[in-house]
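Here is my note on the model you sent. Please read the points alongside the coordinates.

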Amino acid sequence: MALLGIFFAVAALVSWGFGDFFIQRATRQIGVWRTLFFIDFAAALFFLPFIYEEIGPTFSNGRGMFLLTAAGLVIFLAALLIFKSYKDGKLAIVEPILAFELPVVVALGIFTWGEKLSVIEILLIGSVFLGIVLAITKHHTHLHYHKRIFERGVVWAVLGAIVMGLGSFLLGVSSQETSPLFTMWYTSLISVILCLFYMVPKGEVKKLINDLRAHKKSVISQVILDNAAWTFYAFSMTLIPISIATTISESYIALSVVLGIVVNHEKIQRHQKIGVALAIAGVIFLGMVTGK
């Protein structure tokens with residue numbers, strides 16, 4: 001079962017690595033709120049036929065519903081904070097900060113959910129985290145966080161990383177308490193409702209059809225890839241520790257650097273190459289150790 005969990009985590013890694021390209025394109029074409037609405041509306045519709053029989057029993061599960069509702073609200077808030085950091089700040093500054101989601105999830109998994117990790121697993125998680133930070137940091141001075149606290153977007157990025165770490169953890173425990181597909185459906189439904197509260201008064205709902213017609217490729221691609229990533233991620237956390245599933249899937253950040261090199265022929269600095277190699281090697285060895 002551990003090998004299957006690793007497979008799902010790697011599938012989430014790949015889906016997020018490619019999906020973020022289309023999400024970025026969609027947000028620039030149709031805006032943040034409508035992009036988020038398309039993703040979650042599609043998920044709520046798609047998963048409903050698979051989970052409708054679980055609705056009654058799960059709604060009567062007080063503990064499960066508390067975790068599910070908390071996960072939906074926290075992930076939605078995290079998305080808004082992270083988008084705000086992208087809007088206000090420089091990507092080179094905020095992206096390394098957002099990578100701190102990983103230690104937040106690992107700490108929550110160990111200290112609140114009682115996950116047991118071996119020394120080698122902890123060391124490999126640390127190497128992956130270090131590799132991710134190095135890979136996405138374009139200049140070494142961007143690692144001097146104490147000098148960057150007043151940079152635009154930094155506060156939003158710090159809050160976004162912490163909240164998304166909590167959201168990812170809650171998604172994992174919700175998937176374990178109920179089911180991965182129900183978790184995806186319910187958290188998506190919460191996001192759809194909250195998006196509508198924002199969009200309806202502003203008259204943005206009527207723009208959705210035109211968005212789909214004018215930007216079909218971007219919208220459909222990001223809907224499929226992002227929902228696939230979250231689904232794989234949810235399943236992986238029911239089969240392997242949340243800490244390890246998050247470490248592997250979070251490495252999609254390093255994958256985006258590799259895609260930039262291969263697709264866009266971007267040039268990266270030596271410390272970024274070291275970071276990519278460290279993250280990839282850490283994921284591979286972590287998979288080997290966990291899968292035994």
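1. Start with a cut-off. A residue is called buried when its relative accessible area is under 20%, exposed when that value is over 50%, and partly exposed in between. D211 has 7% relative accessibility, so D211 counts as buried. Keep in mind that this is a predicted model.

2. Overall make-up. The protein has 14 helices and 0 strands. Its pattern along the sequence is accordingly α-α-α-α-α-α-α-α-α-α-α-α-α-α. Of the 292 residues, 52% are buried. The exposed surface comes to about 14100 Å², and carbon and sulfur atoms supply 70% of that area.

3. The largest nonpolar core. It holds 65 residues, and W230 and I248 have the most contacts inside it. Which helix gives the most to this core? Helix α4 (residues 62–88) does, with 10 residues. Setting aside neighbours within four places in sequence, W230 is in contact with W16, I75, M164, L171 and M184. Another core lies apart from the largest one. That other core has 14 residues, including I23, I39, V192 and M199.

4. T231. This residue sits in helix α11 (residues 216–236). T231 has a relative accessible area of 12%, and is therefore buried. Its contacts, not counting residues up to four places away in sequence, are F47, L181 and M184. M184 is also on the contact list of W230.

5. Helix α12. How many of the 9 residues of α12 (residues 242–250) are buried? The count is 9 of the 9, so the helix is largely enclosed by the rest of the structure. The buried set is I242, S243, I244, A245, T246, T247, I248, S249 and E250.

6. Helix α7. This helix (residues 119–136) has 18 residues. From first C-alpha to last, α7 reaches 26 Å, close to the 26 Å expected at 1.5 Å a residue. Its buried residues include E121, L124, I125, S127, V128 and F129. Further along α7, G131, I132, V133, L134, A135 and I136 are buried too.

7. Salt bridges, the R34 group. The count is 3 salt bridges. In one of them, the side chains of E204 and R34 meet at 3.2 Å, N to O. E204 lies in the loop between α9 (180–202) and α10 (208–214), and R34 lies in helix α2 (residues 32–51), so the pair ties together parts that are 170 residues apart in sequence. Are these two partners buried or exposed? E204 counts as buried because its relative accessibility is 14%. R34 is buried as well, with a relative accessible area of 11%. R34 also meets D211 in a salt bridge, at 2.5 Å from N to O. That pair links helix α2, which holds R34, to helix α10, which holds D211, across 177 residues.

8. Salt bridges, the R63 pair. R63 forms a salt bridge with E177, and their closest N and O atoms are 3.1 Å apart. R63 is in helix α4 and E177 is in helix α8 (residues 154–177), so this pair links distant parts of the chain, 114 residues apart, with R63 partly exposed at 48% relative accessibility. E177 is partly exposed too, with a relative accessible area of 28%. Shared partners join R34, E204 and D211 into one network of salt bridges.

9. A surface patch. Which residues make the nonpolar surface patch of about 400 Å²? They are I280, I284, F285 and M288. M288 is found in helix α14 (residues 270–291). At 48% relative accessibility, M288 counts as partly exposed. For context, nonpolar side chains tend to be buried together in soluble globular proteins.

How values were computed:
Residues numbered from 1 in each chain as written. Predicted model: local features only at pLDDT ≥ 70, side-chain atom pairs only at ≥ 80, totals over all residues. Heavy atoms only, no water. Patch = residues over 30% accessible without salt bridge, like charges linked within 9 Å, V, L, I, M, F, W, Y side chains within 5 Å. Areas by Shrake-Rupley, 256 points an atom, 1.4 Å probe, with all protein chains shown as cover. Salt bridge = Lys/Arg side-chain N within 4 Å of Asp/Glu carboxyl O. Helix = DSSP H or I, 4+ residues; strand = E, 2+ residues; numbered from the N terminus. Buried < 20%, exposed > 50% of the residue type's maximum accessible area, 1.4 Å probe, protein only. Core = buried A, V, L, I, M, F, W, Y, C linked by side-chain atoms within 4.5 Å. Contact = heavy atoms within 4.5 Å. Expected span 1.5 Å × (residues − 1).
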